[in-house]
Amino acid sequence: MSAPDHTASWVAVALVVLATVLVGGFGLRISRTTSDFYVASRTVRPRLNAAAISGEYLSAASFLGVAGLVLVHGPDMLWYPVGYTAGYLVLLVFVAAPLRRSGAYTLPDFAEGRLESRQVRRLVSALVVGAGWLYLVPQLQGAGLTLKILTGAPGWLGDVLVATVVTAAVAAGGMRSITFVQVFQYWLKLTALLVPALFLVLAWQGDGRPRVGLDEQLAVFRADHPLYATYGLIVATFLGTMGLPHVVVRFYTSPNGRDARRTTVAVLALVGLFYLLPPVYGALGRLYTPELRYGGDADAAVLLLPARMIGGVGGDFLGALLAGGAFAAFLSTASGLTMAVAGVITQDVLPSRGVRHFRLATVLAIAVPLLISLLVSRVPVADAVGMAFAVSASSFCPLLVLGIWWRRLTPPGAVAGLLLGGGSALLAVAITVSGAVRPPGWPHALLAWPAVWSVPVGFLAMILVSLATPGRIPAGTNAAMTRFHLPEALSSARPAAGRER
């Protein structure tokens with residue numbers, strides 16, 4: 001079979017980049033206020049918001065990484081899409097509506113408003129930036145891999161291209177602009193996976209339906225302590241979704257708490273539909289790209305299958321479609337993450353909070369992960385994203401759940417939980433990525449999958465230290481809890497009635 005047509009892939013990537021710029025330009029035309037830049041003036045309706053959330057959430061880990069993990073490790077890796085989807089059910093039950101009613105722009109806004117503490121705000125800001133950068137690195141590296149595999153371009157070019165386009169889209173129109181970009185990119189990604197999958201399954205049937213050996217696993221670090229690794233993955237993905245900075249910030253764009261809940265239900269449907277497809281590529285990859293199981297490039301299976309199974313012009317066209325979809329995945333997720341990190345930098349680092357400083361913050365938000373992606377050796381994208389989920393689950397999940405549902409949470413308790421839970425998970429991830437502790441053995445397993453122990457540490461630290469400091473309960477706790485749990489009409493009416501009396 002002929003090699004993939006580089007021209008077709010270049011055209012597909014160029015069209016995705018051009019469409020992203022044009023759609024973002026439409027958002028720029030209607031972005032006029034600071035509120036437009038941060039939360040789209042809180043006017044994004046459920047269907048549109050759900051598609052935008054799905055667009056930014058379905059990242060390189062979803063488009064390439066899940067298939068790569070199924071290819072290498074078999075059906076045990078299906079916990080990834082299950083966890084990625086089920087995390088929205090937890091978010092729906094515990095967080096979505098109260099978080100919107102908080103009236104915050106960012107997670108640090110929520111933390112300061114609930115706990116009335118600048119110290120907690122600064123710590124949350126640092127963790128948001130750290131988690132955002134940790135999540136951005138695999139998006140940029142995945143872009144580099146895609147261009148390298150399909151066009152022969154140097155690996156750094158994809159990293160730089162995504163960073164440049166994201167900076168332009170986010171800095172130009174803020175949240176209003178990237179909302180339209182992410183909606184477009186969700187449907188593009190779904191189409192880019194669905195159409196080739198149909199033709200690949202037909203090619204597999206025409207090939208006599210060879211059996212896929214999904215029961216075979218490689219003797220890699222997951223086999224060292226597989227049960228522990230599975231539980232680490234489940235805890236991280238189920239509880240980490242609610243604290244991902246780029247996901248949380250989108251709920252602030254809903255008009256009210258009811259719409260926030262409706263948005264979450266729609267996200268469950270859209271994300272669940274998408275995750276039916278990557279396992280198909282992973283299973284077919286075991287048959288037609290078996291060498292990727294041993295070469296460290298398993299994430300490339302999605303991109304290579306059309307040329308291997310179909311070939312010719314048809315294979316080139318389907319490969320180009322997948323290349324465009326993969327690039328849309330990198331752009332949409334990187335846009336959301338950059339938006340979240342830039343918002344925090346604008347409000348907590350730069351001296352002013354105007355639109356001009358937001359644009360400067362956008363450059364800072366993408367420059368650091370770009371530098372890291374160019375200097376650090378590549379980690380499989382799903383693994384890298386799983387580590388970001390672990391940090392989120394260990395820090396923001398306890399803060400949001402206890403902050404919304406437990407009146408006795410105090411600033412010292414929040415600080416203790418964020419440092420011991422989120423800080424320890426972040427340290428474990430940094431050690432894992434650095435390669436200082438290598439498999440096999442329990443030290444590596446505990447550091448690579450920290451959520452099993454770091455999430456309980458975060459919750460326990462917040463609870464115990466809060467109970468030990470009852471005098472530090474914020475004075476406005478009752479008012480905050482009322483705002484979180486009553487419908488907007490009632491919660492806004494209560495203070496008004498009090499003033500009248």
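**Note on cavities, salt bridges and packing**

1. The lining of the second largest cavity consists of ten nonpolar residues, one polar residue and no charged residue. Here Ala, Val, Leu, Ile, Met, Phe, Trp, Tyr, Cys and Pro count as nonpolar, Asp, Glu, Lys and Arg as charged, and the others, Gly among them, as polar. The model is predicted; local features need pLDDT of at least 70 and side-chain atom pairs pLDDT 80 or more, while totals for chains, interfaces and linings use all residues. Residues are numbered from 1 along each chain as its sequence is written, and side-chain values use heavy atoms, with hydrogens and water left out.

2. The volume of this second largest cavity is about 70 Å³, and the count is four cavities of 30 Å³ or more. A cavity is a set of points, on a 1 Å grid over the protein atoms alone, where a 1.4 Å probe fits but cannot get out; lining residues have an atom within 4 Å of a point. Points are joined across faces, edges and corners, and the volume is the space filled by probe spheres set on them.

3. Which residues line the second largest cavity? They are Tyr105, Thr106, Leu107, Pro108, Val128, Pro245, Val248, Val249, Tyr252, Ala340 and Val344. Helices H7 (107–115), H11 (245–251) and H16 (312–348) each give two or more residues to this lining. H11 supplies the largest share, three residues. Helices are DSSP runs (H or I, at least four residues), numbered from the N terminus.

4. The model has five salt bridges, each a side-chain nitrogen of Lys or Arg within 4 Å of a carboxyl oxygen of Asp or Glu. One of them joins the side chains of Arg45 and Asp259, at 3.2 Å from N to O. Arg45 is in the loop between H2 (34–39) and H3 (46–57) and Asp259 is in H12 (residues 257–274), so this pair ties together parts 214 residues apart in sequence. Arg45 is partly exposed at 48% relative accessibility, whereas Asp259 is buried at 3%. Buried means under 20% relative accessible area, exposed over 50%, and partly exposed in between (1.4 Å probe, protein chains only).

5. Asp109 and Arg121 also meet through their side chains in a salt bridge, 2.8 Å from N to O. Asp109 belongs to H7 and Arg121 to H8 (residues 118–151), so the pair ties together parts twelve residues apart in sequence. Both Asp109 and Arg121 are buried. A network of salt bridges links Asp109, Glu112, Arg118 and Arg121.

6. Between Arg308 and Glu291 there is a salt bridge whose closest N and O atoms are 2.7 Å apart. Arg308 lies in H15 (residues 301–309) and Glu291 in the loop between H13 (278–288) and H14 (292–295), 17 residues apart. Arg308 is partly exposed, at 36% relative accessibility; Glu291 is partly exposed as well, with a relative accessible area of 38%.

7. Where is Ala169 found? Ala169 is part of H9 (residues 155–206) and is buried, its relative accessible area being 9%. The C-alpha atoms of Ala169 and Leu331 are 9.6 Å apart in space, although 162 residues separate the two in sequence.

8. In H22 (residues 477–485), the buried residues are Thr477, Ala480, Met481 and Phe484. They cover an arc of only 95 degrees around the axis, which puts them on the same side of H22. The arc is that of the directions from the helix axis to the C-beta atoms. An α-helix has 3.6 residues a turn, so residues three or four places apart point the same way.

Methods: On a 1 Å grid over the protein atoms alone, a cavity is a set of points where a 1.4 Å probe fits but cannot get out, and a pocket is an open set with protein on both sides within 12 Å along at least five of seven lines; lining residues have an atom within 4 Å of a point.
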